[in-house]
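Here are my notes on the model you sent. Please read them with the structure open.

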Amino acid sequence: MKDFNYSAPKTVKEAISLLGSLQGEVKVLCGGQSMLVLMKQGMLAPEHIVDIKGISELDYIRFSEEKGLTIGALATHGAVEKSPIVKEKYPVLAEMEDNLAVVQTRTWGTIGGNVCHGDPAADPPAVFIALSSKYKLMGKKERIVNAEDFYKDLLEVDLEHGELLVEVQVPPMPANSGVAQEKLMVQKGDMGIVGAAAFVTVNPSTGICEDARIVLTNVASIPFRAKGSEKVLIGKKIDEKLLEEAGQIASEEVDPPADTHGSEEYRRDMARVFLKRATAKALQRAQQKN
Amino acid sequence: MEEIKNKYSILGKRIPRVDAPLKVQGQAKYAADYEMAGMLWGKIKRAPYAHAIIKSIDTSKAEMLPGVKGIVTGKDFGGFKWGWQGYTRDETPLAVDRVKYMYEGVAAVAAIDKDIAEEACDLIDVEYEELPAVFDPFEAMKEGAPLLHPERKTNILVEYHWDFGNVDKAFDESYLVMEETFQTPKSAKGYLEPPSVLAWWEHDTLHYVGAKGSPYMIWRILGRAFDLPLSKVRVISPIIGCDFGGTKNDGHALDFSACLLAKKTGRPVKIVYSQWEELTTCLRRHSMAVRCKMGMTRDGYLTGLYTNCVADGGAYARMSVVSMYLANGFNTVPYKLENFRTDTWCVYTNNPIAAAMRGHGRYHTQYAMDGVMDMMAKKLGIDPLELRIKNSIPNPKPGETYYTVNQVRIGSCGVKECLEKSGELFGWDGYKKENKVDGPIARGAGVSASGFLSGARLTGHNSCSAVVRINEDGAVNVLTGATDVGMGSDTAMCMIAAEVLGLDMSDMEIKRVDTAYTYPDPGSYGSRVTIYAGEATMHAAEEAKQQILSAAAKEMDVAPDELDIKNRRIFMKSDETRFMPWLQAVRLACYQGNGNVIVGKGVSRRGVKPAVQAFEKGIGDTGTNYGFAAQINEVEVDLETGVARCTERSSMGDDCGFPLNPTIVETQGIGGSYHQGIACGLYEEFIMENGNTLNPNFVDYKRPRVYEAPFPKFHHAITQDPFGPYGVKECSEATTSTGAPAVISAIYDATGVMIKNMPATPEKIWRALKEKKAQENK
Ligand SMILES: Cc1cc2nc3c(=O)[nH]c(=O)nc-3n(C[C@H](O)[C@H](O)[C@H](O)COP(=O)(O)OP(=O)(O)OC[C@H]3O[C@@H](n4cnc5c(N)ncnc54)[C@H](O)[C@@H]3O)c2cc1C
């Protein structure tokens, strides 16, 4: 690993001014779970590292009925997994964390680090997008962006030089809605070979699907919004046949990579299977709430 | 069985391991933990081609880098070549004029820290001319294929053609004959401790502390490499963090480079491989294509077997000559078989080197044979467990032996008991009637049984010696040339010495090999340690005991054979009230004897005489005795995704003769080999592309944890082998061989598809299911 300059600010303010003043290649380091891998492989060799893991003001998980859930960038996966309010109001996030990595990574890796890494296989971005979440960014000024718009390309996100992600904002769950996440793991805790997060709302009297937001992971260079599939579901009563149709559409629309874990062909079919599984589960949850 | 269990005061008991407290407290010192004043860090410069001529190496820029203290290249070893035997010496410590596999070492640097050494490697300019390469052993066998070792004129590293009985006739007379080809993957040893070495020269003697399971192998090799008398090579063994064969058996670029860099710089040099180096360049298990043809009667009795094996040996020979023997040497166990023929090749390719691994050789043919056996059982409508039980070699009566058609001598065989008990523990009867499909999930169960040698007698040098030293305060040092690489043999040796001497485990201390003081020993492989070092330790302890008894007898005015030792007392067997305290007897023996210490020496000579016709003809008793095992596993298969996983339901029976320490046997069986066994069935595989390893890390290269494979239920079959000390034989090589076939046949049971190129990854199962569906719809 190449040498670098290291600093560890203790407040957001300090971090922002430091990030603004440093010349050359600067990287923010948080839990290092993703970044150190790249550095050890020589794929990343920044001149300056600004370690934000000590900024305790960003380590929180809060909930209010009006605003919904806000997760500070420094909240760890483990904290989300174990949070009683998450379990109560957004159990899908706790379920997701239970299958995310191993306990060591969950204990040290952060939500901020995960969503900023820009890995299309990551779970939290997909679930956040399905839930219409927003990210709060802080640099010279504050910005709020839709989680969905944050992802630009493989490992590329909408962060400007000197900007930090400070918070993930998850809106309250609408009435008659359900959300679920499923992924294809060879072993528990694997990055999904393919994954799906699905959010649906159902009219309790007609049983008709009024809204659907479905996001697939690891099938494109960014989290993949399965818009074609959503379209066939919205406005209809979802049954097995319709689900199969939605799944088929997804398998055609995705642009999956091929790697040691699966070919493109396999991933396409798994996009179908997991879109169906996640959506069916979300639907069941939406119906149960009635 | 209770009788045997109560025969001893220490043996057969669940005694805690002697190394456990050190290991769990983080105090155990492994090779990578050793440091010295003035020490330098070394790093290997590696070639980015799988096959290329080295045209020039320019180290001048690297030498100028501040902090660099020395650089060596392949030429600096003066043409030294090494290999397992004289005729397989085909490898140099670093490539000299040609690299033959991706990332082979071409130079090494010593610098004041790791980062500088690494940077210096980047500054070494090597000019290559890329050569055509060959990665598939079948291609490599063809005329005109690029030659790995041009002086040999062929890429065939070794071939065996053996013939026993009359296989063709047997097939002609069989009710059913089937033939299928199975392919095993390239797989990692998977130890967590990296290969590491610290080397220095002191008083003209080469000192070497390294992670080696067979320290005397590297001792001899280093003696030749540096042209030193063996008296001036001192190999000191730290605690070893696993071996499983391969890089930790013999040498690799780091071993030679550290020694030469230390010589050149006059300072200690340490090299620790990264996990990436280990997984891309270190020795891995062979991959092998096994075409297996089997004949059976209408009732499912085996009539004949033919195997045709082609293995990828990688760029250098290493132990492949042995691996290929072992691949077929025990195809005649654990089932009765009168007709057997094989044609077997191992071929050089431009892949990383293949070598020994737990279940050595056996595991490949085991997979193929079990696969064919299950397909035949289905055709014949015979239960696969019943089929195996009825073909099992029976346990010979005391005093009798069973000889296989290739002259393997079996004094005890508990395979039938292992199969029957595994069936009981699993609940095999009745399993068939359970409903095993739930939504997209289908369950199924599979069985496998195996046998493996203990105490390999394949070449010379297999004797083993031990010293038991009783100090003036009564404390005992046990010393053998054997090495505990994690399997628990240090504990077994202490238990044996304590049993013989009538002492407690707290009186025992065992140190590891220091070639300046311990007896030479071939090392930890071939499941040889407990039976050979165990026998040697038993004799050494007996000799020490005799000295104590003689001294006490003189003082007590009785004959030594009237005395025995128990609970730190030397007592008269006929009158236990007449005794002498242990310490008094020790003092007497110390001062009356030839010094201030009692030294008992023991040797096991069972391994001295090799089976000379083994390799060429397949004939002979190459083990001292043979362990047996059976295993049953249930898997769940997701029919939509192809994900298969083990359930909580599994069982294993193991016949290691007599479990000296049942807990250790169980951890070797259900804890160690179980996961390693099913790993190749479901998970482990190096994915290769033109000689490049695409998944050289333990995130992309999957290995099962306890979540994926909960521990099986376990049965000890106690057969008291006549040829092992206290009746013991190997444990965990047979059980390493049964894991993969058990899960593969469980998938077959659940889905009707036989995966013939394990591991059964989700995509492979998904494809197979798709094909099956297409077939059915035709
Ligand atoms: C073995 C293993 C298994 C894993 N399995 C999964 C899995 O199943 N599912 C899954 O989703 N993830 C998985 N991960 C990824 C894991 O979730 C992330 O590595 C972790 O959450 C990243 O957080 P971190 O704090 O360690 O980030 P770091 O590694 O420190 O940073 C990651 C990136 O984000 C940037 N960054 C970090 N924080 C901020 C911030 N506040 N503002 C701006 N930029 C920032 C960094 O500059 C860097 O580019 C796995 C990781 C490992 C090591």
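**Notes on the ligand site, chain A and the chain B backbone**

1. An oxygen atom of the ligand sits 2.6 Å from a polar backbone atom of A:G31. I use polar contact for a pair of N or O atoms within 3.5 Å; within protein, one must be able to donate a hydrogen and the other to accept it, and residues adjacent in sequence count only if both atoms are side-chain atoms. A:V28 also takes part: one of its backbone N or O atoms is 2.5 Å from an oxygen atom of the ligand. For A:D190, the distance from a polar backbone atom to a ligand oxygen atom is 3.4 Å. The protein covers 92% of the 970 Å² of accessible area that the ligand has on its own. Accessible areas come from the Shrake-Rupley method with a 1.4 Å probe; for residues, only the protein chains shown count as cover.

2. On provenance: this is a predicted model, where local features need pLDDT of at least 70, side-chain atom pairs count only at pLDDT 80 or more, and totals for chains, interfaces and linings use all residues. Residues are numbered from 1 along each chain as its sequence is written, chains are lettered from A and ligands numbered from 1 in the order in which they are written, and side-chain values use heavy atoms, with hydrogens and water left out.

3. Which residues come nearest to the ligand? They are A:V28, A:G31, A:G32, A:S34 and A:H77, out of 33 around it. Near means that a heavy atom of the residue lies within 4 Å. By class, the shell holds 15 nonpolar, 14 polar and four charged residues. Here Ala, Val, Leu, Ile, Met, Phe, Trp, Tyr, Cys and Pro count as nonpolar, Asp, Glu, Lys and Arg as charged, and the others, Gly among them, as polar.

4. Which element gives the most to the shell? Helix 7 of chain A does, with five residues. Strand 2 (26–29), helix 7 (111–117), helix 8 (123–130) and strand 10 (164–170) of chain A each supply at least two. Helices (H or I, at least four residues) and strands (E, at least two) are DSSP runs, numbered from the N terminus.

5. Chain A has 12 helices and 14 strands. Its radius of gyration is 19 Å, which agrees with the value near 19 Å for a compact globule of 290 residues. That radius is taken over C-alpha atoms, and the globule rule is 2.2 Å times the number of residues to the power 0.38. Along the principal axes, the C-alpha atoms of chain A fill a box of roughly 60 × 45 × 30 Å.

6. In chain A, 55% of the 290 residues count as buried. Buried means under 20% relative accessible area, exposed over 50%, partly exposed in between (1.4 Å probe, protein chains only). Chain A exposes about 12,700 Å², with 52% of it from carbon and sulfur atoms.

7. Chain B has backbone points to check. A cis peptide bond joins B:V333 and B:P334, with omega about 0°. B:P334 lies in the loop between helix 10 (320–329) and strand 16 (340–348) of chain B. The bond from B:M758 to B:P759 is also cis, omega near 5°.

8. B:C242 is not glycine, yet its phi is positive, near 80°. B:C242 counts as partly exposed because its relative accessibility is 28%.
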